[in-house]
Amino acid sequence: MRKLIQTAAILVLFMGTAHAQYTNNSGSNTSGDGVNMNMMPDNRRRLTPEEAQREREIEAQYNQTINEKIPDKKMSNDPWGIVRKQQK
C-alpha cells in the first residue's frame with residue numbers, strides 16, 4: 001500500500017509539471033484547440049507596419065555599410081614569401 005501511495009504522489013507531481021506546459025495565454029501561438037506546447041512563449045511586442053518598414057531600412061543600411069566600409073583583407077607581408085616554394 002505504501003508503494004502505491006508513493007507512486008501516486010510521484011505521478012501527481014509529474015502531471016502538475018506537464019499541465020503547466022499546456023497553458024492557453026492570449027499572447028501565445030495556439031492552434032485553436034486550446035492546447036499549447038510552447039516551451040518559450042513569444043512575449044515580444046508586435047511591430048506596426050511602419051515599425052517593420054523602419055527595421056528593414058535599418059537592416060539594409062547596416063548591410064550596405066558592412067559591404068562598403070570594411071576593407072578587403074590585405075595581403076600578408078611575408079618577406080620570405082619569394083624565397084619559399086609556392087605550394088599548389
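In this predicted model, R54 is partly exposed, with a relative accessible area of 45%. E57 is partly exposed too. Its relative accessible area is 36%. These two residues form a salt bridge. The closest N and O atoms of R54 and E57 lie 3.9 Å apart, and the cut-off for a salt bridge is 4 Å. The structure holds 1 salt bridge.

The secondary structure consists of 2 helices and 0 strands. Helix α1 spans residues 2-21. M1 is found in the segment before α1.

M1 has a relative accessibility of 75%. This residue therefore counts as exposed, since the cut-off is over 50%. M1 also takes part in a nonpolar surface patch. L4 and I5 are the other members of this patch. The area of the patch is about 390 Å².

Across the whole protein, 3% of the 88 residues count as buried. A residue is buried when its relative accessible area is under 20%. The accessible surface of the protein comes to about 9,100 Å². Carbon and sulfur atoms account for 57% of this surface.

Key. Residues are numbered from 1 along each chain as its sequence is written. This is a predicted model: local features need pLDDT of at least 70, side-chain atom pairs count only at pLDDT 80 or more; totals for chains, interfaces and linings use all residues. Side-chain values use heavy atoms; hydrogens and water are left out. A salt bridge is a side-chain nitrogen of Lys or Arg within 4 Å of a carboxyl oxygen of Asp or Glu. Buried means under 20% relative accessible area, exposed over 50%, partly exposed in between (1.4 Å probe, protein chains only). Helices (H or I, at least four residues) and strands (E, at least two) are DSSP runs, numbered from the N terminus. Accessible areas come from the Shrake-Rupley method with a 1.4 Å probe; for residues, only the protein chains shown count as cover. Patches are made of residues with over 30% relative accessible area and no salt bridge: like charges are joined within 9 Å, nonpolar side chains (Val, Leu, Ile, Met, Phe, Trp, Tyr) within 5 Å.
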